[in-house]
Amino acid sequence: MSPRARRLALPLLALAIGVIALGTAIYVTLLPRGGSSVSIGGPFALTAGDGRTVSDRDLRGAPYLVFFGFTHCPDVCPTKLFQLSEVLRAMGDGGQKVRALFITVDPERDTPAIMKSYVSSFDERIVGLTGDREAIDKVVRDFRAFAKKVPTKDGDYTMEHTGLVYLMGKDGQFIGSFNLERPPEEAAKDLLRRV
Ligand code: NI
């Protein structure tokens, strides 16, 4: 080894070790915990129609469903909310504690009062939630959901958003996506098993 190569060897070795250490750290950080898939959900505190704060902690003790949408939605949201109402109704008395959260992705237009009047035409166990933009963005991120403002021709806008219904267990942990495309009685049985 030439003297010049020897002078370079040590810094290069240090650099190589540094790169390997950093790579390992990143790999370990991104590795799903417990070998399962990435975590979905997380702590949140949002505003209900009556102005009261609803947090994930308040929902512990019973399974709950989470659905993202907005009150100006022309078809998907009203359809899903109707389907959710049917499932809640089909659960009967056994499902009194089960809640379905309708979280707006359009908090600029969906004030607590608007959310309240919108969900009032559906089952009373459906809770409309809103919050400031920051809180909404965080909950959308935590649920690995998607929401995007799309301008319309008339200078207005609509929202593209995730249509997934999330099933959360009574411990607040994500169980899986909840299938609404089946008879309400069947979906209700599925929920009642988690109560
Ligand atoms: Ni919608």
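Along the sequence, the residues that donate to the nickel ion follow the spacing C-x3-C-x83-H. These protein donors (N, O and S atoms within 2.8 Å of the metal, or 3.2 Å for Na, K and Ca, with water not among the atoms, so that sites may look incomplete) are Cys 73 (SG), Cys 77 (SG) and His 161 (NE2), at 2.1 to 2.3 Å from the ion. Because Cys 77 belongs to helix α2 and His 161 to strand β7 (residues 157-161), the pair ties together parts that are 84 residues apart in sequence. Helices (H or I, at least four residues) and strands (E, at least two) are taken here as DSSP runs numbered from the N terminus. Cys 77 is buried (under 20% relative accessible area, where exposed is over 50% and partly exposed lies in between, with a 1.4 Å probe and protein chains only), its relative accessible area being 0%; His 161 is also buried, at 17%.

The model is predicted, so that local features need pLDDT of at least 70 and side-chain atom pairs count only at pLDDT 80 or more, while totals for chains, interfaces and linings use all residues. Residues are numbered from 1 along each chain as its sequence is written, and side-chain values use heavy atoms, with hydrogens and water left out.

An open sheet of mixed pairing is formed by five strands in the order β5-β4-β3-β8-β9, two strands being paired if DSSP finds at least two bridges between them. Its edge strands, each pairing on one side only, are β5 (126-129) and β9, and the twist from one strand to the next averages 25°. Strand β3 (residues 64-69) runs antiparallel to β8 and is joined to it by four bridges, with Leu 65 having Leu 167 as its bridge partner in β8. Strands β8 (residues 165-168) and β9 (residues 174-177) are likewise antiparallel, joined by three bridges, and Met 168 stands opposite Phe 174 of β9. The two strands form a hairpin with five residues between them, and Gly 172 in the turn has a positive phi of about 85°.

Helix α2 (residues 76-91) lies across β3, β4 (99-104), β5 and β8, at about 165° to β3; axes are lines fitted to C-alpha atoms, for helices over the stretch in contact, and angles run from 0 to 180 degrees between N-to-C directions. The axes of α2 and helix α5 (residues 184-192) come within 8 Å and cross at roughly 65°. The contact (heavy atoms within 4.5 Å) involves residues including Val 87 and Met 91 of α2 and Leu 191 of α5.
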